[in-house]
Amino acid sequence: MPTNGLHQVLKIQFGLVNDADRYLTAESFGFKVNASAPSLKRKQMWVLEPDPGQGSAVLLRSSHLGRYLSAEEDGRVACEAERPGRDCRFLVLPQPDGRWVLRSEPHGRFFGGTEDRLSCFATAISPAELWTVHLAIHPQAHLLSVSRRRYVHLCPQEDEMAADSNTPWGVDALITLIFQNRQYCLKSCDSRYLRSDGRLVWEPEASACYTLEFKAGKLAFKDCDGRYLAPAGPAGSLRAGRNTRPGKDELFDLEESHPQVVLLAANRRYVSVRQGVNVSANQDEELHHETFLMQIDGDTGKCTFYSSTGGYWTLVAHGGIQATATQVSANTMFEVEWRGRRVALKASNGRYVCMKKNGQLAAVSDFVGEDEEFILKLINRPILVLRGLDGFVCHRRGSNQLDTNRSVYDVFHLSFSDGAYQIRGRGGGFWNTGSHGSVRSDGERPEDFLFEFRGQGRLAIRARGGKYLRGGASGLLRADADAPVGLALWEY
C-alpha cells in the first residue's frame, strides 16, 4: 500500500553548466567525467549530499551512476567511488552572479575545464571554473517556507504571493519555476512573475529573476541586488528582504504538486464533502470542499482521494463512501476505468461507485451505466509543463512542431470542456494532430485531448483517433502509441 505521502519534499536533482554552455556528464565507460553535452539528460543529473562528517563540505553524486565525484591530489577527476571518501569532499563557493565554484576540500584546488579536459588543479578562479545550476526536477511544485511552515500561494485580492496557507490547496498554490539566462523566475498560476519588491508582473524583467542557492538541502532565491526572498509581515507577503545571507527565513522546500481534481456526476452537480462526512454529488460550485487531491499508487495504479477537510475517501458499511479515513488502506483505494470523456471508479469491494437518488456516492453497482460515470477535471494545472523519458516538450526552433527531448521547456495553457482538454502553445495556436500522427501547435480551432492519470506524477494523453501521444527517436511529439506506457507517459 502507498504511504500517506501528501507532502513529499522533492529530491533536488540538477545539472551543472560550464562557461561554454556544456553540462557536466558522468560516463559509464571508465567512470570518466566531461563537459561536452549540450543538453540536460540522465547522464548530466547530479544530487548534492551533505558530508557525513557534519562539516561544510558536500558530496556530488551522479544520479545516473549512483557514484560520487572525486578529485585526487594531482587534479585527476572521476565519478567512480561507490562510497564517498576523503577525495569526494567539495566546498561550494557561490559567486555574486549565482554561479558555483567547486573547491576540493582536502586539496584546496578548483574544479573546472572544458570538453574532456576537466581537472581539479586550478589555484585561481577563471571562467572555466564557474558552473551554473540548472534544476532537473519537474518545475511545477508547491513552495513551503521553512521558517513559517506555510505554503506560498497567489492572493488575487492583494495582488501578491504570500506564505500563509496551511495546505497547498487549489490552483493558487501552484508555482512554476522558469529557467532562462542562467536564472530562475517564479511564475504564478495566472502566468505572472514575482518581482523582488513583491509585485506581480507579466514579463520576466531583471528584478523578477533570481539565482538559486542551496543550504542544508533547502533553496534560497537571491535577487539582482543580492537580497533574498522571504515572507514578510503578518500576511507572509513574499518579497526580497534586507538580508544578504540566507537564514532560516529565506529558505524554502519544494514539494511535489499532486493532481487536484473535481468530479461532476450524472446529475450535473459536483461531488463534495461540504455537508458532512458523506461524499455526495450535491453542489453547483467547485470550491475547496469539491476539490480532492488524487494520488496514484505506482505499483497497483489505484488511487486515493483526499479531501480539504483532512480525510481520505473510504468504503464503509453497505457500500457507502465517506471522507473519514486518516490512513491509506485497502478501503481507501479505488480503481479508475478511463472511459473516454468519463471515468468509472471501482472500490475495494469490487463494485462500482454510483450516485444514488439523494446524491450520495456508494459502491454498490456491478455494471457501469450513466449513474456510475463521472467527469473528472484537473484543476491545478492551468499552465502545463510536460517531461518524457528523453526530456521536456518544447517548440522546435523555427517550427510549430514539438520536440520531446529538450532540457528547456515551454509552458502550455490548458482549457477544459466536457471531459476533454484543449492545449494552447506559444502564440496562442492550439495543439492539433495531422497525418501520420504528427502533432503541431498551430491550430486555429481547439482539438480535444483526453487525459489519463496512469501513475504517480505520470499522465497519458489520448488524441482524437484513439492513439496516445509519445516521444521517440526522432525527438518529435507524435500521436501513434497504442498503449499508455513507456514513451507515452508524461511527467506533468
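1. A cavity, on a 1 Å grid over the protein atoms alone, is a set of points where a 1.4 Å probe fits but cannot get out; lining residues have an atom within 4 Å of a point. Points are joined across faces, edges and corners, and a volume is the space filled by probe spheres set on the points.

2. This is a predicted model: local features need pLDDT of at least 70, side-chain atom pairs count only at pLDDT 80 or more, and totals for chains, interfaces and linings use all residues. Residues are numbered from 1 along each chain as its sequence is written, and side-chain values use heavy atoms, with hydrogens and water left out.

3. Three cavities reach 30 Å³ or more. Strands here are DSSP E runs of at least two residues, numbered from the N terminus. Strand 33 (342-346) and strand 44 (450-455) each supply at least two lining residues. Strand 44 gives the largest share, three residues. By class, the lining has eight nonpolar, two polar and two charged residues. In this scheme Gly counts as polar and Arg as charged.

4. Now the cores. A nonpolar core is a set of buried Ala, Val, Leu, Ile, Met, Phe, Trp, Tyr and Cys residues joined through side-chain atoms within 4.5 Å. Buried means under 20% relative accessible area, exposed over 50%, partly exposed in between (1.4 Å probe, protein chains only). The largest core holds 56 residues, and Phe14, Trp46, Phe111 and Phe221 touch the most other members. Strand 16 (residues 175-180) contributes its largest share, four residues. A second, separate core of 50 residues includes Val271, Met294, Leu402 and Tyr421.

5. Phe14 has contacts (heavy atoms within 4.5 Å). Not counting residues up to four places away in sequence, its partners include Trp46, Trp100, His134 and Phe214.

6. Which cysteines pair up? A disulfide needs two cysteine sulfur atoms within 2.5 Å, and the whole structure has zero. For Cys209, the nearest cysteine sulfur is that of Cys185, 3.6 Å away. Cys209 is buried at 8% relative accessible area. For Cys224, the nearest is that of Cys209, at 8.3 Å. Cys224 is partly exposed at 48%.

7. Asp371 sits in the loop between strand 35 (361-365) and strand 36 (375-378). Asp371 is partly exposed, at 35% relative accessibility. Beyond four places in sequence, Asp371 touches Ala266, Val353, Cys354 and Met355. The C-alpha atoms of Asp371 and Leu102 are separated by 61 Å.

Terms used
On a 1 Å grid over the protein atoms alone, a cavity is a set of points where a 1.4 Å probe fits but cannot get out, and a pocket is an open set with protein on both sides within 12 Å along at least five of seven lines; lining residues have an atom within 4 Å of a point.
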